[in-house]
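Here is a briefing for someone opening this model for the first time. Please keep the structure in view while reading.

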Amino acid sequence: MSRFLGVVLILLIFSISCSNKEVEQLEVHVPHGITVPEDMVYIPSGKFTMGHPDKLRTKKGREVLADAFLIDRFEVTREKFKTFKLEYIFHPKKAQFPVSMVTYAEARDYCRWKGRQLPTEVQWEKAARGTDGRKWPWRNYYEHPNNGFSGFIPEAVDQRKEWISPYGIYGMGHNVWEWISDWYYYDGIPETDRNRFKVIRGGLTQTHTMVKFTPTYFRNKMEPTAYFNFIGFRCACSIKCQ
Amino acid sequence: MKILSQKLNRRFFLRLFSLSAITAILPQRVFGLSDYRRDKNIPKQYIQNRDSPGFFIRSANPFMGVNSNDWSLSIRGMVENPIVLKYEDLFGFKIVSQISRLKCVECWSASAQWEGFHFQELIKRVKPDSEAKYVYFQSADSYYESYTLEELIRPRVLMVWRMNGQPLSKDHGFPLRLIAPYKYGYKNVKYITSIEFSDSRKRNYWANHGPYSIDGTIQPGIDHPLDFNKKPLPINGGEVFHSFDERPS
C-alpha cells in the first residue's frame, strides 16, 4: 500500500511540476504620465514581426511599426457585457466566461461605450506575439485539453496563466475568437470580397479529432453580422484614451 | 424487487458483472433481439452508412425507412395548438429553396439544393408559450436532437422534404428532415416524427453516445468537400462556404 501511495505521490508531483509552465515575459516600462487602467496592459511602441513568410494572406513576416497602445488583459466577460446591455442573460456560474454570440457592431459599440475601440490587427498581433516573433503567445507548443471534435468548450477568461502572451495578456491563442476592427484584406483579394468580412483572431482551429493551436499570425474572417458561440472580443485604445 | 432488496455488496456487483459479460458474448439472436446497430451484416435494404459518391449516407440506427402512409408528425409540448401532420400536409407550407452544404464531423462536406419551409411556419400554427425556449426532435429511427428555438428561426434553417428537385430519398431522411447549415451534420436530424417545445434543454443522441456536443456549431477548421475531390479547404466556422460555392445574397 505504501509503495502504491508513493507512486501516486510521485505522479502528483510530476503532474503539478509539468503544469507550472511560466511564460517568459517581455520587460515593459510604462512612461511617466501614462495611467494604465487595472484591466488593461500597456504595449510600448516599436517594430515587431507580423505574419509569416509562408502565409501569403498575412504580412509575410515583415517588420511592422506599432504605436504604443493599451489593450484589455482579458476577453470581455459575460458579466461585464451585461453592464452595457442590460437585457443580456447569462448563467451565473459562467459570469467570468467570455461573452459570445455578439455581432461585430455589438462588440464595437461596447468598446465605444467604454471609451475604447476594437483592436486593429497590428495591435492584436503585437500584443499576442511580442517582439520576439512567437508562433504561439506562450512560445512553446502544448497539447490542448479540448479534445472533443465538435465541442467548443470556453472557460473563464483568467483561467490559463500558462498561456498568457509575452505582455501578460490572457486568451490570445484559445478560448473565443475575437472581433478585430479591420476589414479582411490581402493582396489580390477578389473585388467581391472587399469590405465584406471582418478579421477575427486568436481562437482555435479544429481538424477532425485533433485540436491544433492557431498561431499568432493566423487570420480568420467572418461576416460582421454573424454571431457564434466561438466569437467574442476585447477592447483596446491609444495611450491618450484614458 | 428481490434484487433491490439485496445488499449492494461486492459479491452482488461481481454477479451483476458476470451476467453482463455473458450477455455481451452471446449472440443477440439468443434473446430474440434484432438490434442491427452493432451487426456488420446489416440487411442491404436498411438505411445505413454508405460512402455514396457525391454525398455520403450516415445513419446512427439502421432501419427500413419510413412509409409515407404510416408517417405522421406530432408537434406538441408547451404550445397553444398541438397538431399532427400527415405527409400531404407538408405541401401546404410556403416552399423555400436554398443551396447549402452539409458538413459532417467526419471532416467531409457535400452540397445540395434543399426545398422545404421555415420553422416559423410551424411556430405560427402551434403558437408556443413564451417560456418555450427549446425544441426537441425525435426520429423514426430512435434518433433525437435538441435545439434552442432561436437557432431554428435563423434565415437559412429549413424543414426539408425535397432534395435536388426530388422528394427526399429514404437515405436522406424521407419524408422530413432538418437542414441547419451552420451546424454539423449530426444536428440535421432526419425522418422527423415529433417536435416538442419545452422550457428546458434535453440532451441529444450524440451527446449521450459519443464525443459530440449538444450545440454542434461548426468550428473554424479544415474541410474535405466531396464535390472537390476531398481537397482540404479551410473553413471559417459557422455555415461552410468554399470558393466554388455561391454565397446567398
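**Ile71(A) and the cores**

- Leaving out residues up to four places away in sequence, Ile71(A) touches Met40(A), Val41(A), Ile43(A), Pro119(A), Gln123(A), Ala127(A), Ile169(A), Arg234(A) and Ala236(A). Two residues are in contact if their C-beta atoms, placed from the backbone, lie within 7 Å.
- The model is predicted: local features need pLDDT of at least 70, side-chain atom pairs count only at pLDDT 80 or more, and totals for chains, interfaces and linings use all residues. Residues are numbered from 1 along each chain as its sequence is written, while chains are lettered from A and ligands numbered from 1 in the order in which they are written.
- Which residues have the most contacts inside the largest nonpolar core? They are Ile71(A), Ala107(A), Ala127(A), Ile169(A), Trp179(A) and Ile231(A), in a core of 43 residues.
- A nonpolar core is a set of buried Ala, Val, Leu, Ile, Met, Phe, Trp, Tyr and Cys residues joined through C-beta atoms within 7 Å. A residue is buried if 20 or more other C-beta atoms lie within 10 Å of its own, exposed if 12 or fewer, and partly exposed in between; the C-beta atoms are placed from the backbone.
- E1, E4, H3, H4, E5, E6 and E11 of chain A each supply at least two residues of this core. The largest share, 4 residues, comes from H3(A).
- Another core, of 40 residues, lies apart from it; Val66(B), Leu152(B), Met163(B) and Ile179(B) are among its residues.
- In soluble globular proteins, nonpolar side chains tend to be buried together.

**Chain A overall**

- Chain A has 4 helices and 11 strands. Helices (H or I, at least four residues) and strands (E, at least two) are DSSP runs, numbered from the N terminus.
- Of its 242 residues, 38% count as buried.
- Among contacts in chain A with a separation of 6 or more, 70% come from residues 24 or more positions apart.
- The average pLDDT of chain A is 87, and 83% of the residues score at least 70. pLDDT is the predictor's confidence in each residue, from 0 to 100.
- Over residues 4-19 of chain A, pLDDT stays under 50. The model has 1 contact beyond four places in sequence for that stretch.

**The three-stranded sheet of chain A**

- An open sheet of 3 strands runs in the order E1-E4-E11 (chain A), with antiparallel pairing. Two strands pair if DSSP finds at least two bridges between them.
- Its edge strands are E1 (40-43) and E11 (236-238) of chain A, each pairing on one side only.
- Neighbouring strands of this sheet are turned by 25 degrees against each other on average, direction ignored. Axes are lines fitted to C-alpha atoms, for helices over the stretch in contact, and angles run from 0 to 180 degrees between N-to-C directions.
- E4 (residues 69-72) of chain A joins E11(A) through 3 bridges, running antiparallel. Leu70(A) stands opposite Cys237(A) in E11(A).
- Helix H4 (residues 121-129) of chain A packs on the sheet and touches E1, E4 and E11 of chain A. The direction of H4 makes about 75 degrees with that of E4(A).

**Strand E6 of chain A**

- Which way do the residues of E6 (residues 198-201) of chain A point? Lys198(A) and Ile200(A) point one way, Val199(A) and Arg201(A) the other, and all are buried.
- E6(A) pairs with E5 (residues 177-183) of chain A in the antiparallel sense over 3 bridges. There, Glu178(A) stands opposite Arg201(A).
- E6(A) also runs antiparallel to E9 (residues 220-222) of chain A, with 3 bridges. Val199(A) stands opposite Lys221(A) in E9(A).

**The five-stranded sheet of chain B**

- Here 5 strands form an open sheet in the order E2-E1-E10-E5-E6 (chain B), with mixed pairing.
- E2 (83-85) and E6 (144-148) of chain B are the edge strands.
- E1 (residues 73-77) of chain B and E10(B) run parallel, joined by 4 bridges. Arg76(B) stands opposite Glu196(B) in E10(B).

**Backbone details**

- Met101(A) is not a glycine, yet has a positive phi of about 60 degrees. With 15 C-beta neighbours inside 10 Å, Met101(A) counts as partly exposed.
- Tyr191(B), also not a glycine, has a positive phi of about 45 degrees. Tyr191(B) is buried, with 25 other C-beta atoms within 10 Å.
- The peptide bond from Phe174(B) to Pro175(B) is cis, with omega near 5 degrees.
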